[in-house]
Amino acid sequence: MPTQSHIHQRLAEVCAQSSSSLITKVVEQLKQQHYHAQFSAEFIQGCEAETGLSPVQISLAMLPLAACYSLAPVSNFYVGAVAIGKSGRFYFGANQEFAHVAMSQVVHAEQSAIAHALMAGESEITDIVVNYTPCGHCRQFMNELNSAAKLKIHLPHSRSAGSKRHSKK
């Protein structure tokens, strides 16, 4: 994982490039929680009330912040993800690469966000929001979740910024 000073610097850069009050609010929340990068359902509901955005739209807006947690010394490809749990809580995840280690040993952003949610006691993942299309490895990983048949994958570049249903085969 990148050092906390790297995360702080990246978050400051995202804030400087954005005029969004939502981004500012999320970064303030991150500071208050010592950068643990999980958000209560109540916090998300407050964001909905203030912005008029849906939970998925809020998570899409959060993606640049989630990507601040990425460690990508090999690819320089910063991937962020947000897992939305059945409880309504949001969990950040980011890709983690390790220099001098095979790329097959990296942690993908989707895996990171889902593991974050499960370690926090989330019983089911309803949605995964990621800034790039999931690779085959991640699609397989998500297909093995207990909620795979209902899991929705959201991408910022889809025309509707809506969702694609992940179907278990």
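Phe98 comes out as partly exposed in this predicted model, with a relative accessible area of 35% (under 20% is buried, over 50% exposed and anything in between partly exposed, using a 1.4 Å probe and protein chains only). Phe98 sits in the loop between strand S3 (90–94) and helix H5 (109–119), where helices (H or I, at least four residues) and strands (E, at least two) are DSSP runs numbered from the N terminus. Together with Val101 and Val107, Phe98 makes a nonpolar surface patch of about 200 Å². Patches take residues with over 30% relative accessible area and no salt bridge, joining nonpolar side chains (Val, Leu, Ile, Met, Phe, Trp, Tyr) within 5 Å and like charges within 9 Å; the areas come from the Shrake-Rupley method with a 1.4 Å probe, and for residues only the protein chains shown count as cover.

As for the ground rules, residues are numbered from 1 along each chain as its sequence is written. Because the model is predicted, local features need pLDDT of at least 70 and side-chain atom pairs count only at pLDDT 80 or more, while totals for chains, interfaces and linings use all residues, and side-chain values use heavy atoms, leaving out hydrogens and water.

The loop between S3 and H5 also holds His100, which has a positive phi of about 65 degrees despite not being a glycine. His100 is exposed, at 84% relative accessible area. Ala37, another non-glycine, has a positive phi of about 60 degrees; Ala37 lies in the loop between helix H2 (21–32) and strand S1 (38–39) and is buried, at 3%.

H2 pairs up with helix H3 (residues 41–51): their axes come within 11 Å and cross at roughly 160 degrees, which makes the two helices roughly antiparallel (over 145 degrees; under 35 is roughly parallel, 65 to 115 roughly perpendicular and the rest oblique). Axes here are lines fitted to C-alpha atoms, for helices over the stretch in contact, with angles from 0 to 180 degrees between N-to-C directions.

Three salt bridges turn up in the structure, each defined as a side-chain nitrogen of Lys or Arg within 4 Å of a carboxyl oxygen of Asp or Glu. One of them joins Lys25 and Glu50, with the closest N and O atoms 2.5 Å apart; Lys25 is in H2 and Glu50 in H3, so this pair ties together parts 25 residues apart in sequence. Lys25 is partly exposed at 23%, whereas Glu50 is exposed at 58%. Within H2, Lys31 bridges to Glu28 at 3.4 Å between the closest N and O atoms, the two being three residues, or about one helical turn, apart.
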